[in-house]
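These are my notes from going through one structure, entry by entry.

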Amino acid sequence: MKKALICLLCAVLLSGLFACGTEKDPTAAEKTDEPTAEQTTEEPPAATDAPAFSESDARPLTFAEDADTLWIARGTTLLLYPEGEGILTLHKNNYQQHLNITERDGTFLAEIQMYRTPFDSEPAYCFPAGELQLFTDGNAVRIKVTEDPLGIFADEDADGAILEKSDYKPHRFIFANSGNTPDQPNTEWGVHFKNGRQTFLVDENAAFYGAVRMPDGTDHACAFMSNLSAFTIVEERDGAAELLFYGRSERVGYRQCNVQMKIRPIYDPYDLCGDESLELYRDEEHLDELRYMNGQNLDTVTLRLLRDGWTDKTDELQTIDRSLVGWFALFRKEGQAVLIFYELDFTPYGDEAFPIGFVQYAADGTVVEWSGVKPIDHRIADAYTVTEGSAFHDVVGWGGAIFNEDDFIYFLDDGRIAVQTVWHENRHEDCEFHIYRIIP
């Protein structure tokens with residue numbers, strides 16, 4: 001699943017709220033001697049006050065003694081996995097930053113992983129974020145920041161933070177490190193830097209590229225990368241990479257995030273932003289093209305499609321799968337189909353539907369164009385078998401969209417869709433998996 005609900009998911013993740021088994025926050029967990037997080041609705045309690053810490057009983061935290069533990073306080077979490085790696089999630093003002101940590105010679109090295117596209121399973125760029133010492137008295141962990149070259153820990157007031165040990169075990173979510181760049185292929189975005197506006201392009205694979213005008217007036221080609229909560233601008237040259245900018249995403253409206261991103265700078269060595277946040281806006285010169293429909297008024301999009309010879313066949317969804325009704329619109333023309341996933345913007349003047357993803361299929365079922373919800377390999381769906389306590393997104397990773405709270409849809413790359421209900425309150429309930437053909 002991706003930008004179809006990226007803003008909603010990020011709002012959930014970045015506010016520290018999570019539901020076991022169906023959301024993406026790596027801070028979710030499973031409890032000792034209890035069913036796994038996919039099998040239970042029980043959640044780790046959120047600590048509201050900093051726990052007490054006994055300096056006289058303190059010792060260095062180590063993976064050798066403390067692996068497979070979870071520590072938490074006010075949204076900040078520390079997960080130590082049995083394999084000898086961990087994730088530190090720093091939380092401030094309803095936003096989170098995720099850092100991967102490894103142990104070395106009594107200290108913990110923190111690293112930030114960035115992804116080239118929203119769907120990559122492996123990072124394209126990693127950079128050190130600093131060093132920590134972690135101490136425990138058995139019931140709590142105290143963080144001591146020893147190196148903070150980018151100012152990330154200072155920005156989060158992490159030094160001296162105390163986290164309480166949880167009865168829950170750290171749980172891995174396959175979505176935890178997905179990127180958050182716009183998954184709207186072949187669109188242009190204006191980026192407003194201190195030294196002027198530049199244009200960035202989301203290419204056909206949803207990678208984000210552009211140029212940055214440096215203080216000396218030269219333009220440097222770069223890549224815009226992301227993870228769930230942060231963004232980087234990276235100059236890649238001669239097999240090396242230089243970090244030009246690092247910032248944390250700021251919340252814009254759920255609908256607005258289809259056309260705008262706002263990033264508060266944390267590390268800006270070339271003063272690209274000055275005192276302002278970095279803002280990106282999708283180009284408005286091509287709104288009559290399908291690829292730019294996300295975030296527009298659905299009625300406007302419908303009128304444009306009808307003008308261009310498409311026929312509204314949304315009523316057909318009633319016979320395909322009734323759960324799709326009220327969430328999707330279907331149009332046909334000369335054997336082709338456009339299936340639009342939309343949401344509601346609740347305004348003072350009434351609810352207004354707006355697209356957040358679509359796929360256009362050719363008459364033979366191949367994908368002509370998509371945005372917001374990336375079609376996945378149909379062979380993965382054909383090979384899938386429903387198993388108790390699991391769901392299709394556990395197999396495929398990112399590539400679908402959530403609608404109606406518990407329903408998932410996956411656009412396949414052969415003119416079909418897959419639909420599955422995954423009950424967030426009880427994953428053991430019936431999770432039937434159905435594949436329907438959109439192109440006859």
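I looked up strand S12 (residues 187-193) and found five of its seven residues buried, so the strand is largely enclosed by the rest of the structure. I am working from a predicted model. I then listed the strands that S12 pairs with. Strand S13 (residues 196-202) runs antiparallel to S12 and is joined to it by seven bridges. The two form a hairpin, with two residues between them. At this pairing I noted Phe193 opposite Gly196 in S13. S12 is also joined to strand S19 (residues 278-282), again antiparallel, through four bridges. There Val191 stands opposite Leu280 in S19.

Which residues form one aromatic cluster with Trp189? I found Phe193, Phe200, Phe208, Phe224 and Phe231.

I asked which residues touch the most other members of the largest nonpolar core. They are Phe224, Leu278 and Phe328, in a core of 46 residues. S23 gives this core its largest share, four residues. I also noted a second, separate core of 34 residues, which includes Ala73, Leu132, Met225 and Ala230. As background, nonpolar side chains in soluble globular proteins tend to be buried together.

Entry 4, the sheet that holds S23. I traced an open sheet of five strands, ordered S20-S21-S22-S23-S24 with antiparallel pairing. Its edge strands are S20 (311-312) and S24 (367-371), each pairing on one side only. I checked how many bridges pair strand S23 (residues 350-361) with S24, and counted four, in the antiparallel sense. In one of the bridges I found Phe358 partnered with Ser371 of S24.

I searched the whole structure and got 20 aromatic pairs. I wrote out the geometry of Phe63 and Phe108, a tilted pair at 5.8 Å centre to centre with 50 degrees between the planes. Phe63 lies in helix H2 (residues 63-66) and Phe108 in strand S7 (residues 107-114), so this pair ties together parts that are 45 residues apart in sequence. Are these two residues buried or exposed? Both Phe63 and Phe108 are buried.

I then took Phe392 and Phe433, which also form a tilted pair: 4.8 Å centre to centre, 45 degrees between the planes. This pair links distant parts of the chain, with Phe392 in helix H7 (residues 392-396) and Phe433 in strand S28 (residues 433-437), 41 residues apart. Phe392 is buried at a relative accessible area of 0%. Phe433 has a relative accessible area of 16% and counts as buried too, because the cut-off is under 20%.

I left the whole-protein values for last. The secondary structure comes to seven helices and 28 strands. Of the 440 residues, 54% count as buried. Of the contacts between residues at least 6 apart in sequence, 52% join residues at least 24 apart. The protein exposes about 18,500 Å², and carbon and sulfur atoms supply 45% of that.

Conventions: Residues numbered from 1 in each chain as written. Predicted model: local features only at pLDDT ≥ 70, side-chain atom pairs only at ≥ 80, totals over all residues. Heavy atoms only, no water. Buried < 20%, exposed > 50% of the residue type's maximum accessible area, 1.4 Å probe, protein only. Contact = heavy atoms within 4.5 Å. Areas by Shrake-Rupley, 256 points an atom, 1.4 Å probe, with all protein chains shown as cover. Pairing = 2+ DSSP bridges. Phe/Tyr/Trp six-rings, centres within 6.5 Å; stacked < 30°, edge-to-face > 60°. Core = buried A, V, L, I, M, F, W, Y, C linked by side-chain atoms within 4.5 Å.
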